[in-house]
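Work through these exercises with the structure open.

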Protein chains: 4
Amino acid sequence: MRLHVPIKLRWSDLDAYGHVNNAAMLTLLEESRISVFWHGDLKVDGVADTAHAGAETLTLIGRQEVEYLAPIPYLREPLDIQLWLGRMGGASLEVCYEVCSPQGAGPSVVYARAASGIVLVDAATLKPRRISERERAAWSPYLDEPVVFNRR
Amino acid sequence: MRLHVPIKLRWSDLDAYGHVNNAAMLTLLEESRISVFWHGDLKVDGVADTAHAGAETLTLIGRQEVEYLAPIPYLREPLDIQLWLGRMGGASLEVCYEVCSPQGAGPSVVYARAASGIVLVDAATLKPRRISERERAAWSPYLDEPVVFNRR
Amino acid sequence: MRLHVPIKLRWSDLDAYGHVNNAAMLTLLEESRISVFWHGDLKVDGVADTAHAGAETLTLIGRQEVEYLAPIPYLREPLDIQLWLGRMGGASLEVCYEVCSPQGAGPSVVYARAASGIVLVDAATLKPRRISERERAAWSPYLDEPVVFNRR
Amino acid sequence: MRLHVPIKLRWSDLDAYGHVNNAAMLTLLEESRISVFWHGDLKVDGVADTAHAGAETLTLIGRQEVEYLAPIPYLREPLDIQLWLGRMGGASLEVCYEVCSPQGAGPSVVYARAASGIVLVDAATLKPRRISERERAAWSPYLDEPVVFNRR
């Protein structure tokens, strides 16, 4: 099962070519991830809104991969970022994404595919901590096949 | 052979964790790439400084992959981004990077490894155009083994 | 009369102090402005969504002033950016802002006050063009006293 | 006396109009400020490189004002940001800027004029702290007339 996260572009996401900059794409993915991991269906135990608010868990990015399929123009309506888990390990997980055109605006365009490897880290010791049973149960409906990259 | 490109951090590259943000990393790679492909040793024929200045060739990013090995703190001295080519195809190439601590500041730390797949595109037709013989000759000293990612 | 524009923060708006960066504030103001001038109640005749889509009018920023009253922490709910016109000239206008805490979340905090001087420019000739009668009529309900800066 | 701080543009400072974005301008000013206040001629006692490294003093921005005189295109050479103090109070100071074209590249263009009101704050108590005699002596050569804004 996929989560659909609406993410609004900003004018400053565009670069001088008039398209969303390649680095800005990772910021858009980050926003979709925060939306589901900090507040939403994939809530992580002990993750707080800020670094200073007594968070018990940090989510660190170990790796990221993006395949850019079509340039993203300025869009008034929010992108439909589809997000699921491609893998759940002991202390780590892979988040998979398809960055799609706004929902309900004609045939869907897939602008990009991506994956992020994430490690849960204890904020006090900075060591990896295991995914809890509660997290595992809550997240398992979103576990699916990892994204397939065609251009590797 | 590797190119060493000094890239200065900005304070705004840091996020609330006090480290360089994961998306900012792609901006740093972009700066190193522009430095060598627009002005430097890997100069592309017909690439101009801006989108509006009659460029004959565009360089499009098809894919990117980053492995984050250690968090980057604020650094006064420029990062040493080491850059080489992991592959040269007909109209495309792979740029490989190691993002290292400032040169001459004690033992070198590798903060990240990365690769970008780039396609040369004719600015008029927006179709891929072949790497010229002149480019191929100029670039071949920088062709080496592709970066190896450990966490795939 | 003021317009209330909800603007969502991004995690990357924060800097290493854990607060919204001073430069990111201008990006937030830009988003609120685009929302009302490109699509909303203060729609400008001939402004299109992108630089490449045949816009007849450009909106150029001549000056900006910001007074930072309180640091903005990471907020899950969108900021309430209140926006009005402090002046309407022949070809130029002053947009005034109060950047406030999310609506309906306890007593309102004013994080910042700001003003932007904007000139309407003909996209073909790049010369200032007069505010049309239609624009003037549509905008006049939002004309009010200019923002007062205390720290000049 | 003015300080000349070379600040390199990044490709991502440009927006879809092909010019440096109005908000990016504040990031460029920030870089010039950090360069002289953290490491250079206007060094502040007790300011450290990061928020986490035991800084005794923080520099907070109370207000900023920018007048945009000419659009900044992509420039290969660093901008020449000229910086001086327009006022020194008890715990606060005004930094003034002229953002100029790269040095030694023909007649100088002034792209923007700006000023930032800065307060020195004790990192422990978060209360303003007085400018020390040592700072005052070191900074006084850079005290000059405040920047004059023409479009207020």
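**Exercise 1. A covered strand**

Which residues point one way from S4(B), which point the other way, and are they buried or exposed?

*Solution.* The basis comes first. This is a predicted model, where local features need pLDDT of at least 70, side-chain atom pairs count only at pLDDT 80 or more, and totals for chains, interfaces and linings use all residues. Residues are numbered from 1 along each chain as its sequence is written, chains are lettered from A and ligands numbered from 1 in the order in which they are written, and side-chain values use heavy atoms, with hydrogens and water left out.

Step 1. Locate the strand. S4 of chain B covers residues 92-100. Helices (H or I, at least four residues) and strands (E, at least two) are DSSP runs, numbered from the N terminus.

Step 2. Sort the side chains. Ser92(B), Glu94(B), Cys96(B), Glu98(B) and Cys100(B) point one way. Leu93(B), Val95(B), Tyr97(B) and Val99(B) point the other way.

Step 3. Check burial. Buried means under 20% relative accessible area, exposed over 50%, and partly exposed in between (1.4 Å probe, protein chains only). Both sets are buried. That gives 9 of 9 residues in S4(B).

**Exercise 2. The strand's neighbours**

Find the strands that pair with S4(B), and name a bridge partner in each pairing.

*Solution.* Two strands pair if DSSP finds at least two bridges between them.

Step 1. Take S3(B), residues 79-88. 8 bridges join S3(B) to S4(B), and the two run antiparallel. They form a hairpin with 3 residues between them. Arg87(B) has Glu94(B) as its bridge partner in S4(B).

Step 2. Take S5(B), residues 110-122. 9 bridges join S4(B) to S5(B), again antiparallel. Here Val95(B) has Ser116(B) as its bridge partner.

**Exercise 3. The interface of chains C and D**

Describe the contact between chain C and chain D: its area, its polar links and the elements that supply it.

*Solution.* Step 1. Count residues. 23 residues of chain C are in contact with 23 residues of chain D (contact means heavy atoms within 4.5 Å).

Step 1. Get the area. The size of an interface is often given as the accessible area lost when the parts come together. Buried area is the accessible area (1.4 Å probe) that two parts lose on being put together, summed over both. Chains C and D bury about 2100 Å² between them, with 52% of it on carbon and sulfur atoms. Tyr17(C), Asn22(C) and Arg63(C) supply 25% of the area that chain C buries against chain D, more than any other three residues.

Step 2. List the polar links. A salt bridge is a side-chain nitrogen of Lys or Arg within 4 Å of a carboxyl oxygen of Asp or Glu. The rule finds 2 across this interface. One of them joins the side chains of Arg63(C) and Glu65(D) at 2.9 Å, N to O. A polar contact is a pair of N or O atoms within 3.5 Å; within protein, one must be able to donate a hydrogen and the other to accept it, and residues adjacent in sequence count only if both atoms are side-chain atoms. Between chains C and D, 16 residue pairs are in polar contact (both at pLDDT 80 or more).

Step 3. Assign the elements. Helix H1 (22-37) and strand S2 (57-68) of chain C each give two or more residues to the side that touches chain D. S2(C) gives the most, with 9 residues.

Step 4. Follow S2(C) across. 5 bridges join S2(C) to S2(D), residues 57-68, and the strands run antiparallel. Arg63(C) has Glu67(D) as its bridge partner.

**Exercise 4. A glutamate in a helix**

Is Glu31(C) buried or exposed, and which residues is it in contact with beyond its neighbours within four places in sequence?

*Solution.* Step 1. Glu31(C) is found in helix H1 of chain C.

Step 1. Read its burial. Glu31(C) is buried, because its relative accessible area is 7%.

Step 2. List the contacts. Leaving aside neighbours within four places in sequence, Glu31(C) is in contact with Leu9(A), Arg10(A), Trp11(A), Ser12(A) and Ile7(C).

Step 3. The side chain of Glu31(C) reaches the backbone nitrogen of Trp11(A) at 2.9 Å.
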